[in-house]
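Student: I would like a close look at one part of this model. Please keep it brisk.

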2 protein chains.
Amino acid sequence: MSRSTRAHTRSPTSSSTGAPLVPGFQAAGIPIGIKPNRASDLALIVSSPPARAAGVFTKNSVKSAPVLLSRARIRSGLCQAVIINSGNANACTGDRGFRDAMAMCRLTSRALGIDEGTVLVSSTGVIGVPLPMDKIRKGIPEVVRRLAATGIPEVAEAIRTTDRFTKLAWKRFPVDGRTVTVAGMAKGAGMICPQMATMLAYFLTDANAPVAVLRDLLRTGVANSFNRINVDGDSSTNDTVLLLANGLAGNPPLRQGTPSFEAFRSVLHSLMDELARMIVRDGEGSTKTVDILVRGAPTDRDARRIAYHLANSTLVKTSFYGEDMNWGRIVVAVGCSCPRTEQDKIDVSYDDVKVVKGGMSAGRLREEQARRILKLPSFRVTVDLHLGKGHYLVVTSDLSHEYVTLNASYRS
Amino acid sequence: MSRSTRAHTRSPTSSSTGAPLVPGFQAAGIPIGIKPNRASDLALIVSSPPARAAGVFTKNSVKSAPVLLSRARIRSGLCQAVIINSGNANACTGDRGFRDAMAMCRLTSRALGIDEGTVLVSSTGVIGVPLPMDKIRKGIPEVVRRLAATGIPEVAEAIRTTDRFTKLAWKRFPVDGRTVTVAGMAKGAGMICPQMATMLAYFLTDANAPVAVLRDLLRTGVANSFNRINVDGDSSTNDTVLLLANGLAGNPPLRQGTPSFEAFRSVLHSLMDELARMIVRDGEGSTKTVDILVRGAPTDRDARRIAYHLANSTLVKTSFYGEDMNWGRIVVAVGCSCPRTEQDKIDVSYDDVKVVKGGMSAGRLREEQARRILKLPSFRVTVDLHLGKGHYLVVTSDLSHEYVTLNASYRS
């Protein structure tokens, strides 16, 4: 992931100007009263012609009904519509939950006059409460009526739960002489952790690409973006990232290793990176985004374990919040998570200022310089173990009073 | 560990009345200005005759100088004195730190006129700052002058850092017709996690027991007490638990498997349990003590991983703080930490109220009952996976606004 400290909504540095229109896609979002506050909570994405599709889903062994259903259906590689609700996760809801997820797809397919098997479904929100199917049954024909090419931002809006801002990014660029558009939208905030999160993300494109290529692009992209972000160490029952490509751009099918593939990959993955960072920036109660880079570890696996331990440590996260130059907590967390650590080899830097050299303070002057970096909204902590070539980067947030406030009373 | 919800300081239910005097032990604690607030910060324990000794130390691969030194010295099985400072951990201080730890022992041995090799040393406090040796050099003769049989509570006081209350417990009981006393004192609060913590604990007894017996009693006791407590998931560079036995009670040497051994074991381990629970109750910003019991896991190892994941989850801990009946977060954390989880087999109870049965809500009525349990200062969460016989218990605290306040600005 590249570093970025972008503004809160869509970013002019990566998104094309104008509206996020993707040829062949229509979308809409409306409030149907699942959320208590009358905010938008039902969204629909439709592709015509049917899109080739790839998806990745939560690794949590507790999976919501919509994840189980969509994961099974996407094996066909085909998708015409995605129906999404927020405010209720339809997780831990047993057989009834599965029937409700099926019903959401069936109602959508009937309202659209398309094959039920090509409709996918996502839900996000409170766990363990049955979906209010009466509201959804009434809502689906309504959201279908509202479908429009300009409706993509409505989806980004309707999928929010505790998100403070909508997360939307898109780009229009040439591929083999044709204009291709990719639009991405996501929601995140709480339960953000490796192996996905209470996180939904949808990438829509008119590029022409075989399903195998889409699957590979999605898998590698997610590994380097959504799976490297961390807010609080738990990953959810509902995480879903979908990539839909309807081929309307008319480019020759993308093939791995070609310049066209590389151009498309680069744009798609930078949009994924951008949306993943938006999720961290919007982490519940987050006031800072911190890149944690571990290098010089015996193996990448060691580096990954250390990086996540640092990213999950409440002691480390509160020190970021307090803008507190407390490198001792970082060294402790490293030693805690890697038995092969040699304490007199550890270096720790905040951005380019090395505050720990050989396991000891690099001096008061350096600590003063680092204190200024800690006041930035975004910075990088680098831990070098000087033991090998293993490295790993995680992007995380701090732990604030607001996090505690938000999470002490989310459900009741 | 047994459940207990005891008052904040020494507990009449386990401690004998009167002062914690242990024949043959003298102790003292004084302020020497390492801590900024003139609180007591230098402590000394002396045994005459020399005590047989066992110790367990942090598993963090970053270890403080006093831990490295004391761990090496205790192999002899003999200890005459322990010198302890708070306010500075003497960790990440390089060669100088090691020389300073040696000097603390040497100064103590000279002031007492005893063999330097039988003096152990502990430090706790800020990491990465050299010890103020001028203050310690002046302080050691002073603390020696203050030594008294009644000084054990002064040690419990002097070892505090962010602790809100002193942790001291003792018991006098018969062993083979002799009266034996065991006194324990501890400090904890932050960085409390498995494999020890920023935690110091000392157990003093006049029992007569071979070193091998002491080592076994300490290892098994720590495994079931201090290693099962958790405040914030990081374990420190300085953790130390020592058991000193000077034999003055004159009982026949304790031997495993005898009733006398069992009587002694039972008292020692219950004091360890009591002090460990005091540490959790005093966890930084802690408002609740929660026992997390995982059972029905495929293996004990699985149960342990799940229990610690729950105990470390900021989402779970903030829900305890908010007295929020959010069992979804518990189920999510279980699924996150154990890939073998079968979601439709999970049961979750708060004390005796089952709120999740077969992965789903057991009904609104049960949730209302559990909400009342959440308001207690102490309760138990039981997760049953119904997969096997693996089980594990962890005792943890909640995550409060005060935790964030304390930890956002501990060092600077």
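Student: Which strands and helix of chain B do the buried residues of H1(B) pack against?

Tutor: Keep in mind that this is a predicted model. Helix H1 of chain B covers residues 65-73. Its buried residues are Ala65(B), Pro66(B), Val67(B), Leu69(B) and Ser70(B). They pack against strand E2 (42-57), helix H2 (94-112), strand E4 (119-126) and strand E9 (240-245) of chain B.

Now follow H2(B) onward. H2(B) also packs with helix H3 (residues 133-145) of chain B. Their axes are 9 Å apart, at an angle of about 30°. Angles under 35 degrees count as roughly parallel, and H2(B) and H3(B) are therefore roughly parallel to each other. Their crossing is right-handed. On the H2(B) side, the contact uses Asp100(B), Ala103(B), Met104(B), Leu107(B), Thr108(B), Ala111(B) and Leu112(B). H3(B) supplies Met133(B), Ile136(B), Arg137(B), Ile140(B), Pro141(B) and Val144(B). By class, that contact has 10 nonpolar, one polar and two charged residues. An α-helix has 3.6 residues a turn, so residues three or four places apart point the same way.

For another helix pair, take H8 (residues 314-321) and H9 (residues 327-337) of chain B. Their axes come within 9 Å and cross at roughly 160°. That makes H8(B) roughly antiparallel to H9(B). Here the crossing is left-handed. Leu315(B), Val316(B) and Ser319(B) of H8(B) meet Arg329(B), Ile330(B) and Ala333(B) of H9(B). This contact has four nonpolar, one polar and one charged residues.

Notes: Residues are numbered from 1 along each chain as its sequence is written. Chains are lettered from A and ligands numbered from 1 in the order in which they are written. This is a predicted model: local features need pLDDT of at least 70, side-chain atom pairs count only at pLDDT 80 or more; totals for chains, interfaces and linings use all residues. Axes are lines fitted to C-alpha atoms, for helices over the stretch in contact, and angles run from 0 to 180 degrees between N-to-C directions. Helices (H or I, at least four residues) and strands (E, at least two) are DSSP runs, numbered from the N terminus. Angles under 35 degrees count as roughly parallel, over 145 as roughly antiparallel, 65 to 115 as roughly perpendicular and the rest as oblique. A crossing is left-handed if the near helix is turned anticlockwise from the far one by less than a right angle, and right-handed if clockwise. Two residues are in contact if their C-beta atoms, placed from the backbone, lie within 7 Å. Ala, Val, Leu, Ile, Met, Phe, Trp, Tyr, Cys and Pro count as nonpolar, Asp, Glu, Lys and Arg as charged, and the others, Gly among them, as polar. A residue is buried if 20 or more other C-beta atoms lie within 10 Å of its own, exposed if 12 or fewer, and partly exposed in between; C-beta atoms are placed from the backbone.
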